[in-house]
Amino acid sequence: MSIEGDLLHVVTPDDLSPKRVAFGRAIIWGSAAALALVALAQTMQVAGQLDLGFTTWRPTLYAYILWAVALCWGQVLTRGEQGKRVLFVLPAALFVVSLVVFPLLFGLLIAFSDWNLSSPTGRKFNGLGNVRQMWGDPFYWNALANMVWYSLAIIVEYAIAFGLALLLNAQIRGRKFFRVAFLMPLMLSPVAVSWMIGKSMMEIRFGPLARLARALGWDNPSFFGSAEVARATIMMMDSWTYIPFMMIMILAGLQAIPRELQEAARVDGASAWRGFWEVTFPLMLPVSITAILIRLIFKLKLADIIINVTSGGPGGATDSVTSFIFREYRDRSNVGYGTLLAMVYLVLIVIAMTILMKLAERWTRPR
Amino acid sequence: MKVELYNHVVRSGLTRRRLMQGAASIGSLAAMGGLGLSRSALAQDDVRAAILAIPGVGAGSPTDADWQKVGEMTLAATRANVAEGEFAGVELTFMGLNNQNLHNFLFRGFLKPWEAYTGAKINWIDLAQADYNPRLQQAIATGTVDFDIIEMGAPFEGDTASKGLLDEMPDWVKAQIDMDDYVGYLKAPVGTWAGKTYRISIDGDCHTFAYRKDYLSDAAISAATGMTEAPTTWQQVQAFSNAVKGQKDPLTGLDAYGFLDPLKGWGGFGFYFLEDRASAYAKHPDDPAWLFDPDTMKPRVNNPAWVQAIQDVMDTMPVLPPDQINADPGTTAFQQFLAGTGAMICWWGDVGSMARTSDSSVVGDVVGFSINPGSDKVYNTKTAAWETPATPNFAPNMAYLGWGVYVTNRVSGDEKKRKAAWSAAAHLGGKDLSLWMAAYPSGFQPYRNSHFNFDEWQAAGYDRAFVEDYLGSNADSYNHPNAAIEPRIPGIFQYYSVAEDELAKGFGGTYKSAQETADAIAAAWEKITDQIGRDSQIALYKASLGM
């Protein structure tokens with residue numbers, strides 16, 4: 001047994017013969033070459049320069065799997081125990097690459113293509129054509145502007161959720177009942193919410209909410225008749241579903257705050273408001289930021305309620321980016337343009353989320 | 001027949017006594033040999049009467065055993081063209097729908113005796129309605145068509161026949177299914193491309209005009225509108241809708257409304273409802289085209305005829321029910337018209353059948369039907385001028401052309417397989433079998449002239465008045481000489497879908513006028529045409545119009 005090297009972390013000594021290392025390298029590079037050759041051959045067949053009788057891309061897939069196995073095995077052969085450690089991560093990394101990175105690359109290829117499924121010529125690369133179309137597309141910009149409004153509504157949702165969480169954290173009667181009751185909307189599918197509330201309860205003749213509105217003096221209640229009211233109604237239905245989610249996160253945070261802190265503040269003469277604003281709220285910032293960020297991610301996907309209730313109307317007032325892409329993609333089979341819109345949206349989301357997380361980090365850093 | 005319609009018939013009018021009467025009359029029809037009919041015609045009548053007795057109107061919903069029995073009894077046409085065991089070893093794949101456990105479920109039963117006789121085997125791909133279009137489009141776009149026979153709507157012929165994906169119908173099939181029996185609008189050019197026939201129809205579809213008769217007999221309303229007869233032109237409909245404002249609905253006592261326009265999109269299907277108005281103005285009897293110019297694919301949607309239709313809708317908005325901006329066609333039909341709001345609507349046959357059959361309908365006893373309204377004036381694109389014909393111009397909207405069965409080109413290279421595929425398709429589209437599908441729950445509507453022989457329905461046990469009412473307006477629309485036929489070009493629903501978006505902006509006030517709205521639709525349509533390929537669209541549009 002070797003008595004040199006990293007004795008703390010190495011379990012078995014590696015005695016790697018040059019032959020073994022060479023074999024390891026050979027299978028890695030050999031399988032990589034095979035993968036490259038098969039992929040090249042298939043690409044050339046698609047381009048019409050060669051005909052090897054391939055009917056699907058499976059040979060390339062099999063070559064990729066072979067290369068992945070050889071790469072993993074080669075790590076052990078060439079690096080011994082270090083290689084075995086790599087094996088804990090490498091298969092997962094390769095899996096992620098296959099399922100995320102490759103589709104993303106193919107997605108980018110489609111995003112820069114003119115591809116309408118009904119076109120007899122199929123997919124055609126069109127460079128920045130889709131970007132130019134997007135630049136001049138009032139429907140997309142309108143949907144993006146709507147998303148800003150929808151996202152801003154999270155501030156109000158957060159305030160309500162915080163208030164509810166404070167109430168449920170207090171010693172009130174039937175606390176457990178209220179906790180479950182307030183969670184109920186979260187358990188409903190947004191599609192069910194669309195039909196139950198948007199289409200049934202808000203039905204303008206017989207819907208109970210319309211009747212209530214009439215009883216309260218609104219002669220001709222219309223929840224989706226004008227742009228502003230429709231947008232507000234969509235916001236409310238969406239909020240009703242997801243406020244419980246924020247509420248439950250904040251409640252968990254509130255329960256984690258030691259009671260002694262509030263008691264100490266009270267002993268120091270803090271009022272209820274100061275106790276909240278100077279003690280509870282700052283302590284809740286990390287949880288709050290997390291809740292808001294996750295809520296924002298949910299919000300950016302908002303589509304189902306809109307598709308079911310208003311189809312983006314009236315006149316695009318309630319359209320979200322996702323509901324617009326849904327129409328562009330599903331109803332109009334405009335795969336290339338729809339993919340580009342989704343990609344641009346992804347980039348915008350990544351940028352916005354990065355900025356927000358940086359800001360959140362700064363806000364939550366102890367002063 | 002639609003399920004709900006059949007259920008209604010069973011639930012309401014049909015007693016055991018009546019069922020016995022029906023059975024007796026079928027028996028007597030079969031027994032009577034002295035009507036001067038030829039032996040074969042008589043044998044066919046026997047079959048028709050006999051299959052209509054399976055399971056018997058009022059004897060419960062048909063089951064798989066019934067479907068198989070009907071399939072067996074209607075196999076004579078197949079026997080005449082195919083030898084027993086001729087297709088042994090042939091395997092076919094059939095792609096269709098599984099809506100309401102009908103469609104493919106029936107086809108399986110009907111084709112079981114066919115499989116036993118011919119020796120062929122059929123594998124099934126069942127799809128939900130919502131999955132159908134994406135599945136089909138992706139199969140086409142990625143070159144992975146994996147079915148030999150497909151149940152498909154005629155609007156998709158542009159996406160399939162135009163790309164050479166379908167197999168041309170052999171002449172023996174045309175004879176076997178008696179294509180001359182099809183109602184007018186389902187005859188060529190529908191089902192054909194560039195002179196070749198591809199479709200075996202199994203269904204029919206069109207919009208008809210439904211109106212409330214009590215709005216015409218109510219003293220106060222008639223005093224306000226001056227009308228006691230149903231309006232027959234859009235000009236009259238407009239006048240009625242404006243005049244009825246302020247009156248009370250005779251049934252519900254709530255505010256009365258005239259014609260119900262759906263102002264919200266419906267995944268492309270909402271555009272059919274603007275077409276209902278526009279076809280009367282835009283479909284000139286001398287010109288088969290009415291949506292695009294066939295030589296240039298320039299949209300006609302912003303010509304004066306279409307702008308008039310959009311303007312009509314805009315003019316009527318102040319007298320529509322509140323929140324109509326958020327009403328799609330489903331709302332106008334099922335939540336408004338059938339529930340007692342509004343006096344008139346254009347819709348598919350469902351409204352006609354559900355008016356009497358749906359539990360939520362309150363208008364069953366007061367509803368009347370006719371073909372879509374016409375117009376006092378019609379626009380002639382050749383002269384770019386309005387014309388005023390001696391009688392109003394009618395152009396019923398053949399919205400969505402019904403389901404058909406098609407054979408794909410996967411079988412074209414193998415004559416045995418090809419014959420097997422066409423034989424299976426022809427069995428499903430057979431004349432006698434189709435009568436059974438029209439009379440029992442199948443999801444399909446009548447589509448042959450022989451389906452409108454009310455004696456057969458009466459003999460089977462149906463209430464004659466009910467059947468005549470239900471079928472009459474459909475028959476008149478189907479056979480209208482100036483029917484507005486849907487263009488079967490690739491991506492037709494893309495055009496409809498984008499038009500819905502622009503119309504929503506027009507109705508929502510984003511655009512200043514009907515003309516501006518129509519121009520926006522035309523611009524969006526031009527983009528789609530350019531994207532799909534103008535030259536190919538022109539060629540395909542002409543082919544679809546039979547030009």
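The largest nonpolar core holds 169 residues, and B:Phe107, B:Phe110, B:Trp114, B:Ile200, B:Phe271, B:Trp436 and B:Trp525 touch the most other members. Such a core is a set of buried Ala, Val, Leu, Ile, Met, Phe, Trp, Tyr and Cys residues joined through side-chain atoms within 4.5 Å. Buried means under 20% relative accessible area, with a 1.4 Å probe and protein chains only. Another core lies apart from it, with 56 residues, among them A:Tyr158, A:Ala230, A:Leu296 and A:Leu302.

This is a predicted model: local features need pLDDT of at least 70, side-chain atom pairs count only at pLDDT 80 or more, and totals for chains, interfaces and linings use all residues. Residues are numbered from 1 along each chain as its sequence is written, chains are lettered from A and ligands numbered from 1 in the order in which they are written, and side-chain values use heavy atoms, without hydrogens and water.

Leaving aside residues up to four places away in sequence, its contacts (heavy atoms within 4.5 Å) include B:Met169, B:Val173, B:Tyr182, B:Trp422 and B:Gly429.

A cavity is a set of points, on a 1 Å grid over the protein atoms alone, where a 1.4 Å probe fits but cannot get out; lining residues have an atom within 4 Å of a point. Points are joined across faces, edges and corners, and a volume is the space filled by probe spheres set on them. Five cavities of 30 Å³ or more are found.

Helix α8 (190-201) of chain A and helix α15 (329-337) of chain B each supply at least two lining residues. Helices here are DSSP runs (H or I, at least four residues), numbered from the N terminus. α15(B) gives the most, three residues.

The second largest cavity has a volume of about 140 Å³. Of its 14 lining residues, B:Pro262, B:Leu263, B:Gly270, B:Leu503 and B:Phe507 lie nearest its centre. α21(B) gives the most to this lining, with four residues.

Finally, the interface. 33 residues of chain A are in contact with 32 residues of chain B. The area buried between the chains is about 2,800 Å², and carbon and sulfur atoms give 48% of it. Buried area is the accessible area (1.4 Å probe) that two parts lose on being put together, summed over both. In chain A, A:Ser118, A:Arg205 and A:Arg332 lose the most area to chain B, together 22% of what that side buries.

Technical notes. Buried means under 20% relative accessible area, exposed over 50%, partly exposed in between (1.4 Å probe, protein chains only). On a 1 Å grid over the protein atoms alone, a cavity is a set of points where a 1.4 Å probe fits but cannot get out, and a pocket is an open set with protein on both sides within 12 Å along at least five of seven lines; lining residues have an atom within 4 Å of a point.
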